[in-house]
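Reader: I have a chain open and want a quick tour. Can you walk me through it?

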Amino acid sequence: MKRQLEDDLTIALTPYIRDSDISTVKMIITMTMSDYEVTKPETALTVYEGDINELIIMRWLSAKLAAGCSRRTVKQYKDSVTLVLSRIGKAYQDITADDVRAYLATRIFRDGVSKTTANNERRNLSAFYYWLQKEEILLKNPMNRVDPIKVTKKKKQAFSQMDIEKMRYACMTTRETAILEILLSTWCRVSELAEIRISDIHGDAVTVHGKGDKYRECYLNAKAQMALQKYLDDREDENPYLLPRAKYSGNIKRICPKGSKQKDLPKWYMHKEQVDEEKHLDTGTIESIIRKIGKRADVTGAHPHRFRRTGATMALRSGMPLIQVSKLLGHEQIDTTQIYLDISDEELMQAHNKYVQ
């Protein structure tokens with residue numbers, strides 16, 4: 001009962017504290033309550049009649065936040081596990097391995113989701129039940145008998161040098177050019193790019209807030225610095241973020257001066273009165289910008305994450321040690337970095353001829 005109250009208090013305080021402070025607050029609550037015994041009165045006037053799954057999921061998410069998971073990751077966990085449990089239609093303690101297998105089969109063959117999506121849902125549910133077993137809320141973990149779904153791995157390719165030049169030529173504004181060059185130079189994630197503040201930029205380096213509430217330094221090459229300066233020179237607003245959000249909701253034409261030509265509409269960020277004072281672009285908007293640049297350049301598969309693979313691959317081809325590539329990407333394990341690399345069979349053959357005698 002005491003542990004549940006600690007979790008409930010942490011959940012209640014979460015909206016009012018920073019992500020980096022959640023773990024500390026949880027420890028303070030635990031320490032403060034260590035001298036108290038907690039019991040639930042049997043004669044309570046009101047009894048919670050909500051969904052038992054919702055209660056236990058909230059306790060789990062509280063533990064995830066306290067462990068350092070970002071709010072974005074926690075939201076993904078919540079959406080995924082809530083969906084699975086609601087579709088199965090049982091209380092968490094009554095769900096069996098057969099229930100999960102049937103659910104996954106239904107998702108793939110009836111709902112038409114990809115095996116990758118279904119496997120992600122399985123993995124999130126497995127994390128949930130692992131926590132239940134670790135906390136001794138459940139003695140048996142049904143996910144131990146649910147095998148991972150075999151997914152055919154497709155080789156993901158980096159942009160070619162021609163792709164990059166075509167996209168550079170297709171940029172219509174200084175903002176688009178800045179986004180493109182920053183992604184090419186820093187290899188940052190789209191979520192990291194969205195949250196960059198102008199104050200985070202210092203010379204040829206920029207501090208980004210990465211996964212797991214960790215900060216790291218990324219670096220700007222000459223092209224990125226030039227593009228960034230031109231973009232910032234076009235802005236007159238006081239929004240602290242590198243990529244501010246517009247005040248408008250909907251049609252860009254609403255925010256631009258009357259008589260503006262179609263080609264000038266994407267330059268709304270140059271008008272101070274049209275820029276939101278506090279908010280930054282969301283990741284979906286940045287992804288849309290990159291897709292549009294790719295479409296204009298006739299480059300298929302253009303999306304922000306592909307710039308990470310491109311930067312890592314090109315750096316490795318130029319001789320950068322793998323461990324340095326991994327650090328710049330913000331990976332804790334080199335195995336993760338190796339997944340990103342687009343090394344062709346021809347390159348492997350050339351390396352073999354060079355090093356294997």
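**Helix α3 and onward**

Author: In α3, Asn53, Ile56, Ile57, Arg59, Trp60, Leu61, Ser62, Leu65 and Ala66 are buried. Buried means under 20% relative accessible area, exposed over 50%, and partly exposed in between, with a 1.4 Å probe and protein chains only. Helices (H or I, at least four residues) and strands (E, at least two) are DSSP runs, numbered from the N terminus.

Reader: What kind of model is this, and how are residues numbered?

Author: This is a predicted model: local features need pLDDT of at least 70, side-chain atom pairs count only at pLDDT 80 or more, and totals for chains, interfaces and linings use all residues. Residues are numbered from 1 along each chain as its sequence is written, and side-chain values use heavy atoms, with hydrogens and water left out.

Reader: Back to α3. How many residues does α3 have, and how far does α3 reach?

Author: Helix α3 covers residues 52-66, which is 15 residues. From first C-alpha to last, α3 reaches 22 Å, close to the 21 Å expected at 1.5 Å a residue. The expected span is 1.5 Å times one less than the number of residues.

Reader: What sits at the start of α3?

Author: Aspartate 51. One of its side-chain oxygens comes to within 3.0 Å of the backbone nitrogen of asparagine 53.

Reader: And which residue just after α3 has a positive phi?

Author: Glycine 68, with a phi of about 110°.

Reader: Which other residues have a positive phi although not a glycine?

Author: Glutamate 136 and tryptophan 187 are among them; the phi is about 60° for glutamate 136 and about 60° for tryptophan 187. Most residues other than glycine have a negative phi.

Reader: Where is glutamate 136 found? Is glutamate 136 buried or exposed?

Author: Glutamate 136 is in the loop between α6 and α7. It is exposed, at 68% relative accessible area.

Reader: Tryptophan 187: which loop, and buried or exposed?

Author: The loop between α8 and α9 (190-194) holds tryptophan 187. That tryptophan 187 counts as buried, at 7% relative accessibility.

Reader: Switching to packing. At what angle do α4 and α6 pack?

Author: Helix α4 (residues 71-88) and helix α6 (residues 115-134) pack at about 95°, axes 9 Å apart. That makes α4 roughly perpendicular to α6. Axes are lines fitted to C-alpha atoms, for helices over the stretch in contact, and angles run from 0 to 180 degrees between N-to-C directions. Under 35 degrees counts as roughly parallel, over 145 as roughly antiparallel, 65 to 115 as roughly perpendicular, the rest as oblique.

Reader: Which residues make the contact?

Author: From α4, Gln76, Tyr77, Ser80, Val81, Leu83, Val84 and Leu85; from α6, Glu121, Asn124, Leu125, Ala127, Phe128 and Tyr129. Contact means heavy atoms within 4.5 Å.

Reader: How do α7 and α8 cross?

Author: The axes of α7 (residues 161-170) and α8 (residues 174-186) come within 9 Å and cross at roughly 155°. The two are therefore roughly antiparallel to each other. Ile164, Met167, Arg168 and Ala170 of α7 meet Glu176, Leu180, Glu181 and Leu184 of α8.

Reader: Now the sheet. What is the strand order?

Author: Three strands form an open sheet, β1-β2-β3, with antiparallel pairing. β1 (201-202) and β3 (215-219) stand at the edges with a single partner strand each, so one side of each lacks a neighbour in the sheet. Two strands pair if DSSP finds at least two bridges between them.

Reader: How many bridges join β1 to β2, and β2 to β3?

Author: Two join β1 to β2. Five join β2 (residues 205-209) to β3.

Reader: What are the bridge partners of valine 206?

Author: Isoleucine 201 pairs with valine 206 of β2, and valine 206 has cysteine 218 as its partner in β3. Histidine 209 pairs with tyrosine 215 of β3.

Reader: How covered is β2?

Author: Mostly: four of its five residues are buried.

Reader: Last one. Where is histidine 331, and what does its side chain join?

Author: Histidine 331 is in the loop between α13 (322-329) and α14 (334-340). It is buried, with a relative accessible area of 12%. A polar contact of 3.3 Å joins its side chain to that of arginine 308. A polar contact is a pair of N or O atoms within 3.5 Å; within protein, one must be able to donate a hydrogen and the other to accept it, and residues adjacent in sequence count only if both atoms are side-chain atoms.
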